[in-house]
Amino acid sequence: MTEQNTPNSPEIDPDAALRDRLADEFMAEAAFDGWTRAALAASGRALDLPAGEADRLFPGGPLQALTYVSERADQRTVEDMEKEGITTLKIRDRIKGAVRIRLERHAGPREAARRALSTLSLPLNAGLALKLLYRTVDAMWYAAGDTSTDFNFYTKRATLAGVYSSTLLYWLNDRSPGAEATWAFLDRRIDDVMKFEKLKGQVKSWTGPKRPGARPAARR
């Protein structure tokens, strides 16, 4: 992938470094106080920012900061996948690697992630929750080398959304060493998906067009 300026890169956004610092501090605060305006203000004070600076950096408030954190995590996940040559692996290992990199390296503090889900689960935030989930799985498929443009484009993303969401929920409550139980759960989910795709392929072969010259089954 050719290098290009991203929305939070210094070439486009001179406040990128400061916004990153504030986002990191906000995640730490959110682990205790949730994704709230009070936590955002506390983050600004913890960094000794001038009054109102946190609001200037995130004029849309906590939800804008949460969106920023999620999209930054997507970007970093893609970068890590590309660095590790994920596209050279089998498809199941690409997806496993994508989900694991996203959770293990870029999900932030576990309690902050839990509180982010609570915020996004509010009916008023349902649209944002779906948008962020779509962007995450779309980024993963992109970095995994997906080039589909037909209906498979959407089915792949819907399938990965289910795998990622369920694994995220499992990870939030996993206390096993190194989150080993989560990665075992992820393996099982991917196995289920692969079995379903295999079955779907078999059904297509059964219901596909008849071969030329094929004789119809005899009636009883």
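Axes here are lines fitted to C-alpha atoms, for helices over the stretch in contact, with angles from 0 to 180 degrees between N-to-C directions.

Who touches whom? On the α1 side we have Met27, Ala30, Ala31, Phe32 and Asp33, and they meet Glu111, Ala112 and Arg115 of α6. Contact means heavy atoms within 4.5 Å. By class, that contact has five nonpolar, no polar and three charged residues. Nonpolar covers Ala, Val, Leu, Ile, Met, Phe, Trp, Tyr, Cys and Pro; charged covers Asp, Glu, Lys and Arg; the others, Gly among them, are polar.

Some ground rules. This is a predicted model, where local features need pLDDT of at least 70, side-chain atom pairs count only at pLDDT 80 or more, and totals for chains, interfaces and linings use all residues. Residues are numbered from 1 along each chain as its sequence is written, and side-chain values use heavy atoms, with hydrogens and water left out.

Now the overall picture. The protein has nine helices and zero strands. Helices are DSSP runs of H or I with at least four residues, strands are E runs of at least two, and numbering goes from the N terminus. Of the 220 residues, 40% are buried. Buried means under 20% relative accessible area, exposed means over 50%, and partly exposed lies in between, with a 1.4 Å probe and protein chains only. Take the contacts with a separation of 6 or more: 63% of them join residues 24 or more positions apart.

Back to α1. It has 18 residues and spans 24 Å from first C-alpha to last, close to the 26 Å expected at 1.5 Å a residue. That expected span is 1.5 Å times one less than the number of residues. Its buried residues include Ala16, Leu22, Phe26 and Met27. What do the buried residues of α1 pack against? The partners are α2, α3, α4 and α6. Just after α1 comes Gly34, with a positive phi of about 80 degrees.

Next, α2, residues 37-46. Ala39, Leu40, Ala42, Ser43 and Gly44 are buried there. Their cover includes α1, α3 and α4. After α2 comes Asp48, whose phi is also positive, near 60 degrees.

A second pair: α5, residues 91-106, and α8, residues 151-172. Their axes come within 11 Å and cross at roughly 40 degrees. That makes α5 oblique to α8. From α5, Ile95, Val99, Arg102 and Leu103 meet Leu160, Tyr164, Thr167, Leu168 and Trp171 of α8. The tally is seven nonpolar, one polar and one charged.

Thr67 lies in α4. Is Thr67 buried or exposed? Buried, at 14% relative accessible area. Beyond its neighbours within four places in sequence, Thr67 contacts Leu128, Leu132 and Arg135.

Then Met194, in α9. Met194 counts as partly exposed, at 35% relative accessibility. With neighbours within four places again set aside, Met194 contacts Ile91 and Arg92. Met194 and Ile91 are 103 residues apart along the chain, yet their C-alpha atoms are separated by 9.8 Å.

Conventions:
Angles under 35 degrees count as roughly parallel, over 145 as roughly antiparallel, 65 to 115 as roughly perpendicular and the rest as oblique.
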